[in-house]
Amino acid sequence: MHETIVSIKLALENLRSNIGRTALTLIGIVIGITSVIVIMASGEGIQSYILGQIQSFGTDVIQVEVKVPSTGKTSFQNVSGQVMGIQITTLKEEDARAIKKLPNVEDLYVSNFTQEVASYQNINKKALLFGTSAEAPIVDPGVKIAEGSFFSEKDDHSLAQVAVIGSDMRDAFFGTGNALGENIRINSQNYKVIGVLDERGVITGFNFDEIVYLPVRTLQKKILGVDYLRNITVKVKNESFLDATALDIEETMRREHGITNPDKDDFSVTSMKEAQDMIGKIFGAINILLLSITSIALIVGGVGIMNVMYVAVAERAFEIGLRKAVGAKPGDILKQFLWEAIFITFIGGVFGVMLGFIFSSILSYVFLKLGFGIQFSITWQSVFLAVGFSVAVGIIFGYYPACNASRLSPMEAIRRE
């Protein structure tokens with residue numbers, strides 16, 4: 001124990017006597033640790049933000065969407081195929097009626113969408129036209145009416161030209177004036193505003209305050225000229241049976257579409273729980289990749305420590321020989337130099353954590369000002385990982401120079417001097 005204390009004191013004394021060299025050695029470690037902290041904080045913050053936005057749609061929801069057959073629902077082929085213009089026209093209202101008969105289904109709404117320019121007097125604004133059935137406010141808790149009312153099932157069946165608009169659309173068209181009862185023009189037709197939605201904000205990159213809700217049949221017949229759907233959103237009664245209900249929906253859809261081979265599915269069924277798990281896995285892989293990249297800075301810092309330790313061994317050959325001459329063991333010399341490397345990386349880790357906290361706070365403030373409520377929070381896990389990794393780097397890269405120092409014979413060390 002006494003020898004360890006002596007080794008620690010000698011290590012600290014050497015670091016103090018070479019403060020300039022020590023500071024330069026710290027830079028690489030500090031940069032690496034700061035990068036690790038910021039990357040982990042940003043990953044946690046963005047993941048929590050996106051998961052929170054998904055949860056705003058409700059955790060008891062299952063989404064049925066069209067899919068390119070013979071592709072995975074999250075595959076590049078499916079996404080790119082639809083973006084490039086592949087139309088899947090097999091999702092119909094008959095499917096929704098069959099799904100609604102399932103025992104654990106509380107309610108659902110069907111939807112289709114497109115983009116068009118909406119206008120009022122001389123004001124034009126591009127908007128997402130979201131055609132839905134009247135049950136949308138029941139299934140989606142984020143659809144809240146601030147003024148007026150949502151359209152009814154009667155409006156949907158009669159192809160009524162009515163609209164419920166987002167708060168940004170209201171402000172752009174009517175300012176502080178009254179919006180209810182006014183007509184906006186879409187595709188050269190008048191649509192009467194019967195409701196205005198509460199402010200909802202941006203969710204997963206889309207501004208829900210620039211949306212215009214229309215009865216789904218009105219959108220299909222009078223704007224799109226189609227009879228198919230893009231989505232069916234299902235709310236379940238008992239969330240405990242969410243996965244089982246998703247399987248029931250898949251079986252129902254295959255029966256309705258006459259599909260016997262699941263690989264030929266022209267639809268996908270995704271529960272909110274599955275979507276959250278999927279996002280968690282994606283961010284986990286991204287974080288590992290980014291941490292691997294930022295770890296290069298720590299490795300570079302470790303190489304710097306190794307070089308400094310080699311220089312320290314050469315400069316202090318006489319000290320090493322003298323200590324051995326008066327009875328110091330090779331293990332004592334090894335500990336002394338190892339402690340120097342550990343102290344350098346530990347101090348670098350502390351400063352790195354402090355800078356990581358500062359940069360994470362700045363990023364949180366910037367994103368808040370930009371309208372994104374992303375909190376770049378530092379967890380104890382990230383702190384322990386960063387500091388532990390930095391100390392491990394010190395031990396790994398400091399061991400070989402320290403080992404060389406411990407093997408010097410007293411006569412050889414003194415002769416070098």
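Mentor: A cavity is a set of grid points where a 1.4 Å probe fits but cannot get out. Keep in mind that this model is predicted.

Trainee: How much space lies in the second largest cavity?

Mentor: Two cavities of 30 Å³ or more are counted. The second largest cavity is lined by G142, V143, L197, D198, R200, F208, D209 and Y213. Its lining divides into four nonpolar residues, one polar and three charged. The space in this second largest cavity is about 40 Å³.

Trainee: What volume does the second largest pocket have, and which residues are closest to its centre?

Mentor: A pocket, unlike a cavity, is an open set of points. The volume of the second largest pocket is about 260 Å³. It has 13 lining residues, and those closest to the centre are E93, R97, S133, E135 and E153.

Trainee: Which element gives the largest share of the lining of the second largest pocket?

Mentor: Two or more lining residues come from each of α4 (93-100), β2 (105-120), α6 (153-157) and α8 (216-224). By class, the lining has four nonpolar, two polar and seven charged residues. The largest share is four residues, and the element that gives it is α4.

Trainee: Which residues of α4 are buried?

Mentor: A residue is called buried when its relative accessible area is under 20%. The cover over the buried part of α4 includes β1 (61-66), β2, α8, β11 (231-236) and α9 (242-257). Under that cover are E93, D95, A96, A98 and I99.

Trainee: Which element gives the most residues to the largest nonpolar core?

Mentor: This core has 23 residues, and I62, V64, I99, L108, I232, V234 and I249 touch the most other members. At least two residues each come from β1, α4, β2, β11, α9 and β12 (267-271). With four residues, the element that gives the most is α9.

Trainee: What does V64 touch, beyond residues up to four places away in sequence?

Mentor: V64 is among the members of the largest nonpolar core that touch the most others. Residues up to four places away in sequence are not counted here. The contacts of V64 are then L91, I99, R230, N231, I232, I249, M253, S268 and V269.

Trainee: How many residues are in the other core, apart from that one?

Mentor: In soluble globular proteins, nonpolar side chains tend to be buried together. Among the members of this other core are A118, I165, F173 and L214. Its count of residues is 19.

Trainee: Is S111 buried or exposed?

Mentor: S111 is found in strand β2. Not counting residues up to four places away in sequence, S111 touches F130, G131, T132, V216, L229, R230 and N231. Because its relative accessible area is 1%, S111 is classed as buried.

Trainee: How far apart in space are I184 and S119, C-alpha to C-alpha?

Mentor: I184 lies in strand β6 (residues 183-186), and its relative accessibility of 0% counts as buried. I184 and S119 are 65 residues apart in sequence, yet their C-alpha to C-alpha distance is 5.7 Å.

Trainee: What share of the residues of the protein count as buried?

Mentor: The protein has 14 helices and 12 strands. Its accessible surface is about 20700 Å², with 61% belonging to carbon and sulfur atoms. Of its 417 residues, the share that count as buried is 48%.

How values were computed: Residues are numbered from 1 along each chain as its sequence is written. This is a predicted model: local features need pLDDT of at least 70, side-chain atom pairs count only at pLDDT 80 or more; totals for chains, interfaces and linings use all residues. Side-chain values use heavy atoms; hydrogens and water are left out. On a 1 Å grid over the protein atoms alone, a cavity is a set of points where a 1.4 Å probe fits but cannot get out, and a pocket is an open set with protein on both sides within 12 Å along at least five of seven lines; lining residues have an atom within 4 Å of a point. Grid points are joined across faces, edges and corners, and a volume is the space filled by probe spheres set on the points. Ala, Val, Leu, Ile, Met, Phe, Trp, Tyr, Cys and Pro count as nonpolar, Asp, Glu, Lys and Arg as charged, and the others, Gly among them, as polar. Buried means under 20% relative accessible area, exposed over 50%, partly exposed in between (1.4 Å probe, protein chains only). Contact means heavy atoms within 4.5 Å. A nonpolar core is a set of buried Ala, Val, Leu, Ile, Met, Phe, Trp, Tyr and Cys residues joined through side-chain atoms within 4.5 Å. Accessible areas come from the Shrake-Rupley method with a 1.4 Å probe; for residues, only the protein chains shown count as cover.
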